[in-house]
Every structure is written in C-alpha cells, then in structure tokens.
Amino acid sequence: MSRIQSTFAQLKADNKAALIPFITAGDPDPQLTVAIMHGLAAAGADIIELGVPFSDPMADGPTIQRASERALKHGVGLRDVLTMVAEFRQTNTATPVVLMGYANPIECMGYRDFATAAAQAGVDGVLTVDIPPEESVAEIFSAAGVDTIFLLSPTTPDVRINLVASKASGFVYYVSLKGVTGSANLDLAEVASHIPVIRSRCGLPVGVGFGIRDAVTAAKIAQFADAVVIGSRIVEEIENSPRDSVVANLTQFVTEVRIAMNAVVR
Amino acid sequence: MRISEFPDAHGHFGQYGGIFVAETLIAALDELRQEYDVARKDPAFMSEFRHELKHYVGRPSPIYHAKRWSEHLGGAQIYLKREDLNHTGAHKINNTIGQALLARRMGKKRVIAETGAGQHGVASATVAARYGMECVVYMGADDVVRQSPNVYRMKLLGATVVPVSSGSKTLKDALNEAMRDWVTNVASTFYILGTAAGPHPYPMLVRDFQSVIGEECLTQMPEMLGRQPDAIIACVGGGSNAIGIFHPYLHEKNVRLIGVEAGGDGVSTGRHAAPLSAGTPGVLHGFRSYLMQDDNGQIAETHSVSAGLDYPGVGPEHAWLKDTGRAEYVAINDDEAMAAFHDLCRFEGIIPALESSHAIAHAVKIAPTMSKDQVLLVNLSGRGDKDINTVAKIAGITL
Ligand SMILES: Cc1ncc(COP(=O)(O)O)c(C=O)c1O
C-alpha cells in the first residue's frame with residue numbers, strides 16, 4: 001500500500017477527513033522549508049502539498065504567484081525541491097508529500113529521470129496543473145511508485161471523470177471554483193453536490209481545494225469530502241509572518257483548522 | 001498524413017502542440033474545437049468571413065515590387081506582401097475577425113485578448129466594437145509604455161486595457177493573465193488568442209484564418225510575374241503571420257520558407273527572443289514547442305526591440321516545420337532590424353513595423369547573394385506608425 005493509500009485508509013477508520021496544507025518550496029527561503037513541513041505535520045497535516053516554483057504560474061492567483069517569485073529569487077528549482085523532500089524524509093516517514101506544479105520543470109528534467117528521482121527522495125504523488133490526462137505519462141510515474149493526482153473542475157463533464165479515473169491514483173482533487181488559486185466565492189452546496197458523482201466514478205478519495213480560507217469552511221467541507229486542501233491562506237500566513245515566527249504562526253492556524261475538522265460528525 | 005493535414009485530432013504537430021491546460025479550460029477548448037469544426041464547413045460562416053475581409057479589412061492586400069530598393073541591394077528582386085495596408089495596420093485583424101465571428105456564433109458577449117506590440121489588442125478591440133462585444137486586453141506593463149499610441153487606440157475603440165506587472169512585464173505575462181481571466185470567466189468569455197500558439201485548437205484556427213495571406217500570394221505572384229517566388233521570408237514572434245504565408249506554400253517544394261526570429265543583442269549574448277534558433281523543447285502556455293528556458297525549466301526573459309517578437313515560445317507548427325526541415329529559421333539582431341526599418345522608409349516610402357523589419361533585414365542579407373532574376377517575397381506584416389516613439393528614442397530624439 002502506498003503512503004497516500006494508507007493515510008486515507010487510516011483516516012477512514014478514524015472517520016476523519018484529511019487536512020492538506022499547501023506551501024511553495026523555498027518560500028520565504030529554502031532554509032525554512034523543511035522546518036515548515038515538520039511544523040505542518042506536527043500541527044495535524046495529513047498530507048503536505050509542496051509547490052514547485054515556476055516562472056509562469058498560469059493557474060495561480062497573486063498570492064501563490066508571489067510565493068513562487070520569492071522562491072525563484074533564491075534560485076529554487078525542481079532538484080532543490082527533491083532535496084528538501086529527502087531531508088524531510090530523514091525524520092518523517094509517515095506524512096505523504098505531493099508535489100504540485102507545472103509541466104515544464106518536469107519536462108526539462110525528463111519524465112523518467114524525474115519519476116526515479118522523486119521516488120528516491122520520498123515523494124508520494126505529483127499534481128501537474130497543466131497536464132490533463134490526455135497528455136499525462138501517469139504510467140511512468142506509477143511504475144516508479146509515484147501517484148499521479150489530477151484536478152477535476154466544475155466544468156468537467158461526468159464522462160470525462162472516467163478518463164481521469166483511468167490515469168489517477170492516490171486521490172483526486174476537485175477544484176471548488178472556476179478561477180485561479182486564492183479566489184473567493186465558494187458555493188458549498190454546489191461543491192457538495194459534485195462529490196458523490198466523482199467518488200462513485202473514480203473509486204478514489206476526493207479532496208476539495210481552491211478558496212478555502214478558514215476553519216469553519218474547512219470543517220463544512222470535511223463533512224462531505226475526503227480531504228481539504230488549503231493553499232493561498234497558508235501562503236499568506238508565511239508572507240505576513242516575520243521569518244522567526246513563520247512556523248509558530250502556521251502551527252497555530254493549522255491546529256485551529258485541525259480541531260474544527262476533528263469536531264465534524266461525518 | 002500530408003504535411004498540410006496536421007495537426008492530428010489532439011492538436012499534435014509531431015511531438016509539438018497538444019493541450020496542456022488546467023482542467024477548468026478543457027471543456028471550453030472542446031467547445032471551441034467543436035464549434036470551429038462546424039463553422040469551417042458552414043458556407044454561411046465562411047462567406048461572412050470572406051465578406052468581412054474584403055469590405056472591412058480591404059483584402060486582398062497587394063503585392064508590391066520594391067524596385068528601387070532591390071536595385072540598391074543589387075541582387076534578388078524583393079516583393080512585399082502588404083499586410084500593413086490592412087485596416088488597423090497589420091495581419092492581426094484577419095485572425096480577430098475569424099475568432100470574433102466564432103465568439104458571436106457561440107453567444108459569448110465578452111472577449112479578452114493578450115497583446116505585445118498592441119497590434120493584436122487593437123485588432124481585438126476593433127472587432128469587439130464592430131460586433132458589439134465587451135473587450136478586455138491584457139498587456140505587459142513595459143509594453144504599455146513602449147507602445148503607448150496603441151494603448152490609446154484600444155481605449156478609443158472602447159476596450160479596457162489592463163497592464164500586467166508580474167514576471168517580465170511583457171507578452172508572456174500578458175498571456176498568463178489572459179489565461180487566468182479565462183479560467184475565472186470561462187462561461188461568458190471568448191479568449192481571442194493573437195498568434196498561432198496556445199492549446200489546440202488555437203494554433204490550427206489562427207493558422208487557418210491567417211492562411212488567406214499565403215492563398216492570395218499563390219494567385220498574385222503568377223499574375224504579376226508568371227511564377228512563384230524563390231523564397232518567402234516572414235518574421236516569427238508566436239508565428240501567425242509566418243504560418244499564414246507559409247502554410248499554403250508547404251507543397252510548393254521549390255519555394256524556400258524562411259522564418260526570422262528576434263536576435264535582440266545577438267543570439268550568442270543570450271539576450272534575444274529566438275527559441276527556434278537557440279531554445280529547447282518544453283511546455284508553456286498550453287502547448288509543447290521550442291522555448292527559451294534555463295536548466296531548471298524556468299522560462300527565460302527575452303529581449304527584442306520589437307514588442308511583438310518579444311516572446312520565449314513559438315507556435316508548435318513552426319517547431320515541427322523546423323524539425324522536418326520544410327522551413328528554415330534564422331535570427332536578426334535589433335541593430336540589423338533598425339537599419340532595415342530606415343532603409344524601407346527611405347527607399348520605398350513605407351514605414352514598416354519593427355517586427356516586419358526583421359523579415360526585411362533578412363532580405364537585405366540574402367538578396368545580394370542571389371541573382372537579379374530571383375525573387376524574394378517578404379511578408380510586410382504591419383506598418384510602423386506604432387513604433388515611431390521607440391525608433392525616435394533609439395536615435396536620441398524626444399517627440
Ligand atoms: C506587425 C506585426 N508583425 C508580427 C508580429 C508577430 O506576431 P506573429 O509571429 O504571430 O505574426 C506582430 C505581433 O504583435 C505584429 O504586430
């Protein structure tokens with residue numbers, strides 16, 4: 001069983017939804033990333049989504065764009081991100097790490113080389129925003145033992161969910177609104193209505209993300225989804241904290257969300 | 001497959017092209033592809049397109065023999081395809097009319113566009129006014145400054161111009177921002193992409209709409225001098241004016257096709273915008289093609305005196321034409337383009353766009369090596385009125 005699978009199996013046994021915070025690797029600087037990851041795990045993150053900085057983050061709003069720019073100022077590239085994951089793995093072998101980013105850094109490294117290196121570093125899954133199933137090389141990743149996570153959106157027709165399912169492993173990620181990361185206006189009832197269809201067509205846990213900004217919303221989503229992804233709100237916390245209180249402030253926020261989610265009756 | 005039958009059903013030109021976008025846009029691209037499949041076979045749609053090109057754009061655009069200048073260069077005869085004489089002053093309008101007619105068919109009342117030089121922005125604002133649509137144009141903050149006359153033209157035409165201050169503040173960042181708008185407003189909005197790039201079906205439909213350029217040349221050249229040219233030269237930013245004139249000639253095997261990229265300070269300096277000459281394959285803006293990038297796959301900053309060529313990628317069909325050898329690609333530096341700009345002004349009384357000046361500069365290079373009965377056809381993709389501030393600044397003159 002993969003680390004992602006066993007994490008979801010355990011959560012299911014505990015009747016809980018997964019909490020998945022997102023950070024950009026190298027933000028605010030590369031020395032802090034592994035400490036942030038440990039802090040997130042200690043505060044109750046079940047899976048960590050680690051953003052790979054990219055010069056042209058087309059699907060991201062201003063907050064995550066700025067995080068990418070901060071990381072790129074330090075020259076953080078895909079190989080550095082893998083090194084960070086390997087360092088995290090030295091003391092944490094339980095918390096799955098999913099890389100989230102864009103095609104070109106992986107394309108540039110080569111899909112096979114990347115898959116091998118990612119598996120070696122202890123990466124569990126890869127979500128490439130701009131690689132839909134038609135262009136995916138999921139089989140190369142799964143051969144290396146790395147899950148391929150796909151996005152589903154409100155505009156995805158039901159039949160297409162099956163196509164995604166044929167390539168997906170680990171979990172699928174439902175984008176809860178039309179727009180880029182960090183946008184507002186989440187319609188919870190609308191989101192909730194999509195989840196059963198996706199779950200039945202995919203047979204995989206369904207995470208929900210984009211636009212989740214507080215513990216109350218996270219708890220509401222935890223009622224019907226298998227995982228809650230929080231991105232821009234976490235990145236804002238990093239952006240607004242003095243360097244030496246980043247980990248403490250993140251811990252406080254994630255703990256709050258964790259407590260609210262734990263109180264949910266599912 | 002014959003060379004002109006590409007792309008395949010998924011938008012691939014060999015290993016290039018494809019659809020590399022976030023899931024939210026997949027349905028919109030499917031809808032566009034289906035609508036275009038129907039429209040291109042619909043005689044009413046095609047006849048309206050041709051009617052607009054004739055009566056609104058002023059097509060066919062003439063081919064002009066630049067005799068005095070050819071004599072001065074002392075070699076091949078240079079003919080200019082006068083896309084600069086189109087309404088709005090460049091080839092861009094051919095494509096925006098086609099896409100706006102599609103938008104209208106699809107019931108979209110809001111159009112968005114990215115622009116570099118501002119020519120595509122102006123052409124989009126123009127058709128939006130013509131068909132009564134709301135228009136938002138994204139433009140890199142640096143380009144807003146260097147192409148200010150076009151910014152005002154867009155505003156006069158009723159468009160909203162949004163300066164983009166992220167990244168390198170040029171065309172690629174404008175494209176990122178247009179994509180973000182599209183993801184957010186996908187139900188109401190039609191994205192009028194300005195060059196033969198982006199996710200399928202854009203490279204194909206932009207090529208098809210721009211192919212009117214080459215199709216006219218196919219009949220005009222024999223009418224004028226009884227034969228086809230020996231070579232065709234066009235500048236390549238994203239590649240729309242070049243593919244428009246190349247595509248109808250792909251099967252004319254005796255006609256050399258030469259694309260000219262922006263060499264900036266010189267390809268060897270790294271400060272340029274010439275992905276076909278000095279880049280490597282990668283994925284950006286929804287498609288696979290040659291890109292300018294670093295060892296980490298980050299997109300490199302580009303440099304060109306011409307805003308319309310200042311782009312780190314290139315349309316996928318050009319990548320494929322390069323690999324198959326059917327077309328050749330070269331780079332022309334800023335100073336060579338500037339010299340050609342001034343030459344055309346003085347020898348022929350034509351002020352060319354800085355983009356087009358790159359194609360003209362390559363003709364300057366090769367015409368003298370050819371005999372006097374050989375013929376070069378240069379795509380004069382646009383007029384240079386928009387560039388006079390830039391040119392004056394380089395000459396140290398304040399207007
Ligand atoms: C006059 C002119 N020529 C050429 C270009 C480059 O675009 P493309 O390579 O798509 O023809 C532009 C772009 O703005 C332009 O304005």
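Predicted model: local features only at pLDDT ≥ 70, side-chain atom pairs only at ≥ 80, totals over all residues.
Let's start with the cavities. A search of the whole structure turns up 10 of them at 30 Å³ or more. What takes up the space of the largest cavity? The ligand does.

Now, who lines that space? There are 29 lining residues, and B:H91, B:K92, B:A117, B:G308 and B:E355 lie nearest the centre. In chain B, β5 (110–115), α5 (119–131), α8 (171–184), α11 (240–246) and α15 (354–366) each supply at least two residues of this lining. By class, the lining has 8 nonpolar, 17 polar and 4 charged residues.

On to the ligand itself. It has 18 residues around it, with B:T195, B:G237, B:G239, B:S240 and B:S381 coming nearest. That shell splits into 5 nonpolar, 11 polar and 2 charged residues. For those of you who like distances, a side-chain N or O atom of B:T195 is 2.5 Å from a ligand oxygen, and a polar side-chain atom of B:K92 is 3.1 Å from an oxygen of the ligand. On the nitrogen side, the side chain of B:S381 places an N or O atom 2.7 Å from a ligand nitrogen. Of the 390 Å² of accessible area that the ligand has on its own, the protein covers 97%.

Last stop, the second largest cavity, with about 260 Å³ of space. Its lining counts 28 residues, and A:F22, A:D60, A:I64, A:M100 and A:T181 are closest to the centre. Here the classes are 14 nonpolar, 10 polar and 4 charged. Thanks, everyone!

Methods:
Residues numbered from 1 in each chain as written. Chains lettered and ligands numbered in written order. Heavy atoms only, no water. Near = heavy atom within 4 Å. Polar contact = N/O pair within 3.5 Å; in protein donor to acceptor, adjacent residues only side chain to side chain. Areas by Shrake-Rupley, 256 points an atom, 1.4 Å probe, with all protein chains shown as cover. 1 Å grid on protein atoms, 1.4 Å probe; cavity = no way out; pocket = protein on both sides within 12 Å on 5 of 7 lines; lining within 4 Å. Sits in = over half its atoms within 2 Å of the grid points. Nonpolar A, V, L, I, M, F, W, Y, C, P; charged D, E, K, R; others polar. Points joined across faces, edges and corners; volume = space filled by probe spheres on them. Helix = DSSP H or I, 4+ residues; strand = E, 2+ residues; numbered from the N terminus.
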